[in-house]
Amino acid sequence: MNAWSWWSGEPQRLAPLVLTKWFAGKALIAVPERPAAAPDALWRVQSLYANLRAEGILAAQEPPSFDDHWQFVRDPAALVHGERRGNCLDLSLMFAGMCGAARLRPVIVLLRRPQGAHALVVVPDETDNAALNAAARPFGVTGIARDDDYDKLALLDAIDNKRAHAVDVLAVTDPEGGAAFATALARGRAEIAATSDERVTLVDPLYYQLAGIFDQEELDEDPGDGAEFDGSVAKVYKNRFVVAPERWNAWHITRALMRPEAGGEIARASLLAALNAKAALRAAGVERLDAERLRTVYLWTVGRDPEYTSADVLLVEAASVDVDREIPLALVHFVLGVAAENGTGVQDPAIGDWADRIGFLRADAETFARKYAAELADTPHWALIDFDEESNRPDGELDWTSRTLSVTVEPAVGDVPSRRYTSEEDLADAFAELVADLRRKVAKNRLVVDLVLPRKLLDRRVEHWKVIASWPEKLPVSALHEPRLRWWYHLRTEVGREVQRERERQVGEQAPLLAVPAEHAADDGALQTWLYREEATRAPCLVGGTAGDGCDPLTRILGRGHGHVLWYADDEGASAARVTEMSVRWKRHAALGRDDGLPERLVAFLAPAEKPSVIWNNLNGRGGVRMEDGEIVRGRLEGPEKRRA
C-alpha cells in the first residue's frame, strides 16, 4: 500500500501521485472508436469519465483540506480494488493519471473555497503530442499558464469555447450511479468561476514529471500468487468492513482496509498476521486434524472457546487476541499446538523460519512444545460409544436385524468408522474392532470410555467383555479405560431430560451413599414409594440389587432420574453384602466429589467378578469435558450452532 500524504504548502508534490504509467494498457483508459463529428480530446475525456463512473466508487466521508496540514491521499489501487471510496483529490489525481495515459495533458486545479477545499481536473483540447510537449510552458491561449501567471478569465473563456474541459471528477460518486459527464463539466466550470483568483492553485503534473523534477510513485500490482484465505474468512468477516477486499490476499486486504473508517487498522493487522502464518500452519499438519480436534487445540492454546471451526478463521481469531503486541503469542501458540499434535515443531523449516521472522525465539517454541505435549498426555480423551436405539419389539427384546455401533470422541482424534452388527456374536466382534480403531487414534494418551446401552445390554456387563488384544489373553475395556455405562431412553423427550436435570439439582456433590433396601428392589410398588421419600430424592447414588419377577429396579431407578448407580445384576442374593461394603467405601472417599473419579476409586480394588456396573447417567461428560443441556442426542455430542465456519 502507498499510504500517501501531502502538504498543501507544496502543491507541486502532487505531481508524483499522477500515475500515467500504472494505467497504461488497463481497461480504465480504453476509448471506443470516435464518431467522425466528435472532437478528439473531448471524446477521450468523456470516455475516460464514463470508465471511471462505471467503477461505482463511492464518496469518502472525511473532508479534504488544503489548510496548513497534511492530507491523506488514496492511491488508485485502493480506489479500484480496495476501499472503493475517495474524495475529490483522490479522484482528481486518479483521473489525471488516466488522462495522461490516454495522451492528454491534465492539470490539477485546487480551490480554497469558504465552504471547504476542493479539487478538480482541467484538460486542454490537445491530443497525441501533448505529453511530449508538456515541458513547453505556458499553454498560452488556453488560459493555463505558469502558476504565477494564472488568468481566470482566460481559463473560463477557453472552457466556454471548448479549448479546455473542466471536470469535477467527484461527480462520479453521486447517488444512483454517478452524475452524467455534462453535469461534471458544468460543475467544474461553476466551481472555478465561483472561486477568487488568489484561492486557485494549478498543478501541471506532466510538466514536473517530464522535466525530471519528480518521478512517478511506484504502485505495485496484485502479484496473483502467494498466500490467500479460503472462502470461510470472507464469509465471517466481509460484513464487518465498509468495503471488503475483492480477494483475501495481502495486496487486496491492505488496500481495502488502508483507512480506519474502512474497518480498522487492528482488523487489517490481524488478517495480515494470520495470512503470514498460513504456510507455517500447513507445515504444522493442520489438514490432518478434523474440525473438532482443531477446535480443541485452539481452546487449549489460545484459552478461548472458539466460535468457528475453519482453520483460516481460527488463525485470524488467534491473531486478533494479541494484535497490540509485538509478537502475537496466541497465534504462535495455536500454530505450535497444531504442530505438537502432529509430532513436529520449529525443526520444520517453514515453522522455524516463520517464528524467526516474527521474532519468536526457537528455544521458547521448543519449551512450549514440550509443555504442550506433557499436558496433552495428561488430558484424557473421552469416548462416548453408542450401541444404538432401544428395542421397538413388543416383547422388549432387541431387534438384531440392523444395528449400528458408533463413537464420538472429545477431544476429537479423527474419524472412527461405525460398525454394523446383527447378533450378540457380531456385537462382540464389532465392539472389539471399534475399540481397537479408537485406541490407535488416541495413541498414547489416556482414554476413558462411556457406553450408551439399550436396557437389554445394560446388565450384560459389556464393559467386562474381553475385546482388547493383549498377551497372554485379551483384556476388557474395564481393565484400562475406566468405563461408565449410560441409559438414555428417557432422555429422548424434554420431559425426561427435565426429570434428569431436576434430580441432579437436588443431589449433593458429597452426600452419603444410599443403598436400595433389598426388600424394595423386588417389589415395584414398594420401590416407587421408597424412591419418592426425601431421603432417596437427595441421595447422590443408588446401589441396585437383584431383579424380581414383578420389578425391574434398574429401569425404574434410572427412569426417575437417579443417574448415579452402582448396579449388581445378581441372582445369588450376594448384592446385599456388596452394597454394605460399597457404602463404607463411599464414606471413605466422599471428599473426591460425586463425578470426578469417585466411581472408579470405589471399585478399584475389587476383582472383576465382584465389580458392580457403574451407571453414571448424569448430564456431564468426563475428563473435564462437559455437555451442555440440549447437546445429548442418542449418545452423540451435538455441536452448538455457533460452530459454523
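I looked up Asp388 and found it in the loop between strand S9 (381-386) and strand S10 (403-410); helices (H or I, at least four residues) and strands (E, at least two) are DSSP runs, numbered from the N terminus. The model is predicted, so local features need pLDDT of at least 70 and side-chain atom pairs count only at pLDDT 80 or more, while totals for chains, interfaces and linings use all residues. Residues are numbered from 1 along each chain as its sequence is written, and side-chain values use heavy atoms, with hydrogens and water left out.

**Backbone entries**

I noted a positive phi of about 85° at Asp388, although it is not a glycine. Asp388 is buried at 18% relative accessible area (buried means under 20%, exposed over 50%, partly exposed in between, with a 1.4 Å probe and protein chains only).

I then checked Glu482, also not a glycine, and read a positive phi of about 45°. Glu482 sits in the loop between helix H19 (477-480) and strand S15 (484-486). Its relative accessible area is 27%, so I list Glu482 as partly exposed.

I looked at the peptide bond from Trp471 to Pro472 and found it cis, with omega near 10°. Pro472 belongs to the loop between strand S13 (466-468) and strand S14 (475-476). For reference, most residues other than glycine have a negative phi, and most peptide bonds are trans.

**Sheet entries**

I traced an open sheet of 4 strands in the order S7-S6-S5-S8, with antiparallel pairing (two strands pair if DSSP finds at least two bridges between them). Strands S7 (164-167) and S8 (200-203) are at the edges; each has a single partner strand, so one side of each lacks a neighbour in the sheet. I read an average twist of 25° from one strand to the next; axes are lines fitted to C-alpha atoms, for helices over the stretch in contact, and angles run from 0 to 180 degrees between N-to-C directions.

Strand S5 (residues 107-113) pairs with strand S6 (residues 116-124) in the antiparallel sense over 7 bridges. Leu111 has His118 in S6 as its bridge partner. Helix H6 (residues 181-193) lies across S5, S6 and S7 and runs at about 95° to S7.

**Lysine and cysteine entries**

I found Lys152 in helix H5 (residues 152-160). Lys152 counts as buried at 12% relative accessibility. Neighbours within four places in sequence aside, Lys152 is in contact (heavy atoms within 4.5 Å) with Ile192, Ala193, Thr195, Ser196 and Asp197.

I searched the whole structure for disulfides (a pair of cysteine sulfur atoms within 2.5 Å) and got 0. Cys88 is buried at 3% relative accessible area, and Cys99 is buried at 0%.
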